[in-house]
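Reader: I am new to protein structures. Could you show me how to read a few features, one at a time?

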Amino acid sequence: MYEFTYHKPQTIKDAISLFAKADDGIYLAGGHTLIPAMKVRLRAPTDVIDLSALDGLSGIHEESGALVIGALTTHDAVATSEVVARAIPALNKLAAGIGDAQVRNRGTIGGSVANNDPAADYPAGLMALDATIRTDRREISVDDFFTAMFETALEEDELIRSVSFPIVESATYIKFPSPASRYATVGVFISRQGGQVRVAITGAAACVFRCTEMETALSNNFAEDALDSIQLNADDMNGDMHASAEYRAHLCVVMAKRAVASLL
Amino acid sequence: MVQQSIGERVLRKEDLRFITGKGSYTDDINLPGQAYACFVRSPVAHAIIKGMDISTATAADGVIAVLTGEQVAEDGLGSLPCGWMVHSKDGSEMKQPFHPVMAADKINYVGEPVAIVVAETFLAAKNASELVEIDYEEIDAVVDISSAQSAADIYPEVPGNTVYNWELGEKADTEKAIREAAHVTRISLTNNRLIPNAIEPRAAIADYNTGTQDLTLYTTSQNPGLARLILTAFVQIAPEHKLRIIAPDVGGGFGSKIFVYSEETALAWASKKLGIPIKWTAERSESFVADAHGRDHVTEVELAMDEEGHFLGLHVKTIANMGAYLSTFSAAVPTYLYGTLLAGQYKTPNIYVEVDAVVTNTAPVDAYRGAGRPEAAYLLERIVEVAAREMNLDPVEIRRRNFIAPSDFPYQTPVALEYDSGDYEASLNKALEMADYDGFSERKKEAASRGKKRGIGFSCYIEACGLAPSQLAGSLGAGVGLWESGEVRVNATGTVTVLTGSQSTGQGHETTFAQLVASKFGISIDDVEVIHGDTGKLDFGMGTYGSRSLVVGGSALSKAADKVIAKGKKIAAHMLDSDVEDIDFEDGEFRVRKSNQSKTFQEIAFAAYVPHDYPLEELEPGLSEKAFYDPANFTYPAGTHICEVEIDPDTGVVDIIKFTAVDDFGIIINPMIVEGQVHGGIAQGIGQALLEQCIYDETGQLLTGSYMDYCMPRADDLPSFEVGMTCTPCTHNPIGAKGCGEAGAIGSPPAVINAITDALGIMEMDMPATSERVWRAMQQAGGA
């Protein structure tokens with residue numbers, strides 16, 4: 001790790017102002033992506049702005065038909081939350097499958113969402129649940145949020161306050177973890193609301209995406225065999241030493257069928 | 001008195017300090033005034049160093065010195081040696097490239113050290129390491145093992161990139177057996193390259209005292225005595241009597257901490273040059289590129305049989321990757337620890353093996369848990385399984401038909417070794433019962449009803465431990481002896497201090513050896529303290545590798561304890577006014593036979609040090625004895641492993657449902673510790689079979705350089721193992737023990753792969769059997 005200046009602001013305003021003043025500032029939430037990258041010197045910020053003292057950014061509550069999770073809420077808090085279990089239990093399951101206990105005790109939903117790792121779990125949940133990302137300055141619809149690998153619609157200094165998930169009739173998340181990293185080789189999140197089905201897939205491509213073919217097929221007939229004829233194009237998939245594009249394309253359909261089966 | 005006898009599950013004495021954080025590892029040690037080192041490593045695999053500028057780094061804040069490979073060369077440090085000279089089939093000596101402590105003019109693998117930055121803090125050293133400017137002129141890297149021999153030479157002194165063409169066995173007889181056989185089974189396989197990953201990275205502190213001119217090296221070593229010999233005799237760092245090597249608590253090694261590496265050597269040299277203590281602790285990223293890797297063979301095998309499946313001949317052709325340099329034991333691994341094991345548990349009359357060892361632009365490859373024996377067991381148990389299927393024989397039956405029978409011992413194999421004892425049917429039968437082989441077909445049906453493919457796989461492995469004897473090893477090219485030293489010091493109050501040349505990296509020496517000595521003397525293990533890992537305290541010792549600690553080191557202690565008892569009898573005879581021939585020693589008492597006169601062990605100890613009633617004219621005072629033990633033969637642990645898997649046909653995921661291991665380790669001192677060794681070994685074997693794969697790209701960059709990409713087995717990848725034991729004692733050591741440290745890693749991989757191929761009804765599957773590989777195999781077989 002290179003040397004850097006550490007800040008712990010008390011207000012969002014101070015955090016943004018520190019960011020503006022820094023040569024190469026970065027916000028620190030749970031740190032489970034940032035700190036390892038800094039340790040191996042892949043990231044070298046001049047200023048690390050620790051968000052942990054900011055008020056009102058963690059916590060989980062229901063709010064007019066939506067589940068609202070504060071940006072600094074840890075994965076473990078989501079995994080074990082009874083509020084989440086009543087509203088959208090699929091998010092308990094998603095959070096419980098992130099990393100290991102140490103990661104879940106530190107890592108946060110806001111950090112994961114802002115980082116937009118192509119193999120992270122949360123982006124699939126946000127996308128399939130049609131979530132809204134609330135920041136210090138605006139609300140962003142998830143369909144506009146995840147723009148590319150490790151890129152989002154957030155402005156450089158913009159901070160996520162919370163994520164709001166509309167409560168749906170049913171939803172689930174099925175993940176095929178990489179045996180080494182336990183990130184998603186493929187993760188499929190499916191939600192149903194009023195006959196509409198949303199399917200979001202993470203891990204498989206450069207960025208989380210909605211699989212419209214599956215959504216159409218499942219909106220017409222919510223059954224495993226509705227997916228029989230679907231073959232995703234391997235050209236759109238990631239291929240690496242852990243899983244070829246062809247295998248990932250295959251796993252997307254297998255995981256989607258399993259998700260459907262678990263919702264029937 | 002606490003439990004103490006041989007065969008009892010005594011809790012480990014060392015665990016209190018390990019579990020409560022009171023262990024002392026190398027990185028826990030800090031010396032006054034110590035500086036910190038960071039190595040500058042090559043980012044490219046193969047290059048000429050055209051120039052190096054250390055001026056900016058040297059001038060950076062906190063930097064004490066930047067020392068380079070060029071300065072190493074100027075100081076005339078020797079090549080890091082390979083301790084085993086293997087000869088090619090034409091009688092020529094192996095071709096050994098010069099292995100510099102740090103590279104001076106040419107780079108041969110990614111991560112090779114080029115310079116060492118010594119600074120007041122680690123951060124300063126690390127920062128300055130990035131300021132060393134090096135001009136590399138890259139050369140095409142030789143990475144692929146199969147084409148290495150036809151690639152451009154990496155070293156002029158190693159033509160064809162071939163270190164040796166070694167052979168063992170009768171070529172003509174084996175080829176004739178194959179030509180004339182009723183059936184020949186042929187397979188090709190790879191033994192995947194592994195990265196060791198001890199939980200404690202390598203670390204060292206070198207401390208040169210300019211006043212006494214003593215050099216002390218604290219380091220993570222499995223064999224401090226051997227390290228001292230190599231650093232003295234070959235690298236000429238310091239005279240042996242002025243060099244002290246201390247290996248404190250060591251957190252795992254699996255072979256990777258046997259070797260004498262560049263970093264520790266460079267540190268010792270730098271400390272001497274600068275006159276200050278210098279500390280280095282590897283970062284995990286360094287461990288991946290700079291620890292010696294394991295395995296990495298490609299092999300073709302042919303097995304000839306008669307109509308009934310009796311083995312007639314085995315022909316093996318292997319290319320073994322040595323990496324860029326010949327590490328300390330590397331040359332012996334794919335030869336004397338591999339070819340000699342190819343008889344396995346079977347009476348194959350004709351065996352011939354040839355091995356080409358090649359150099360490549362990758363990290364050096366050396367002994368890793370099992371070292372050559374897993375590679376032998378893997379190919380043999382794979383081809384036996386394939387042969388059974390081709391011959392329509394039950395995999396158990398084909399093995400039974402070919403087993404060496406208990407009455408055949410001692411059994412001379414066609415590949416040099418003479419097995420002393422064993423009962424292979426016994427371990428097979430016990431394993432079959434524990435695994436409920438009879439119920440397998442029902443379980444397979446039940447799994448099929450759930451849409452799963454279930455398979456069962458066998459492995460009847462043998463291994464050879466306690467590499468020996470010294471004279472034979474020497475005639476085969478070993479550069480060192482293979483004995484062990486031990487000392488048993490009885491203190492005046494009857495407690496005992498035991499010193500051993502064996503070195504624990506977590507195996508539990510402090511308990512097992514205490515149990516061994518306590519049971520000899522009939523005292524509590526709490527009264528025995530085991531000391532190891534410090535050449536300043538111990539006689540020269542050979543350390544721990546090849547499952548040798550108990551069978552060689554324990555035997556030395558057993559002999560030393562016998563000497564103590566013999567002297568104790570003389571003291572007792574004097575005190576009890578009896579003839580020494582009439583003194584028996586049992587349960588901690590020296591007793592005049594057929595009388596009620598006796599002295600306790602403690603009374604005799606006290607008399608030895610307070611010799612008032614003592615035969616001083618005939619006997620020296622004191623009660624402390626040493627022994628050096630050189631074994632007459634290897635020991636031959638063997639057993640049967642049975643793996644049962646279920647495969648998800650949609651994803652290719654392999655789930656190990658049950659894993660049964662029945663091992664014959666001879667006499668066992670502490671079954672709890674032995675089972676722990678078996679569990680760990682199986683976990684590593686399953687890691688190799690399903691998860692672990694070291695991958696270099698075609699330019700020699702390591703792609704699997706972190707745990708994000710190199711998959712270590714975790715608890716949830718593994719079932720709860722079923723472990724059983726059988727026992728045929730070793731016939732030639734005083735304990736009857738055979739060694740247990742590596743068996744799990746040797747026996748398990750073929751059982752796993754055989755189970756997978758059985759489930760899928762296919763013949764071939766390479767390790768690691770990743771879900772994608774299994775899925776593709778099913779696609780090819782039309783099974784999914």
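Predicted model: local features only at pLDDT ≥ 70, side-chain atom pairs only at ≥ 80, totals over all residues.

Reader: In what order do the three strands of the open sheet in chain B lie?

Author: First, the general idea: helices (H or I, at least four residues) and strands (E, at least two) are DSSP runs, numbered from the N terminus, and two strands pair if DSSP finds at least two bridges between them. Here the order is S4-S2-S6 in chain B, with antiparallel pairing. Strand S4 (106-107) and strand S6 (133-138) of chain B each have a single partner strand, so one side of each lacks a neighbour in the sheet. Strand S2 (residues 47-53) of chain B joins S4(B) over two bridges, and B:Ile48 stands opposite B:Lys106 of S4(B).

Reader: At roughly what angle do helices H9 and H10 of chain B cross?

Author: Axes are lines fitted to C-alpha atoms, for helices over the stretch in contact, and angles run from 0 to 180 degrees between N-to-C directions. Angles under 35 degrees count as roughly parallel, over 145 as roughly antiparallel, 65 to 115 as roughly perpendicular and the rest as oblique. The axes of H9 (residues 373-390) and H10 (residues 395-402) of chain B come within 8 Å and cross at roughly 115 degrees. H9(B) is therefore roughly perpendicular to H10(B).

Reader: And what angle do H14 and H15 of chain B make?

Author: H14 (residues 509-521) and H15 (residues 549-575) of chain B have axes that come within 10 Å and cross at roughly 30 degrees. This is why H14(B) counts as roughly parallel to H15(B).

Reader: Which residues of helix H19 of chain B are buried?

Author: Buried means under 20% relative accessible area, exposed over 50%, partly exposed in between (1.4 Å probe, protein chains only). In H19 (residues 771-781) of chain B, the buried residues include B:Trp775 and B:Met778. The buried residues of H19(B) pack against elements of chain A and chain B, among them helix H11 (245-263) of chain A and helix H18 (743-760) of chain B; contact here means heavy atoms within 4.5 Å. After H19(B) comes B:Gly782, with a positive phi near 70 degrees.

How values were computed
Residues numbered from 1 in each chain as written. Chains lettered and ligands numbered in written order. Heavy atoms only, no water.
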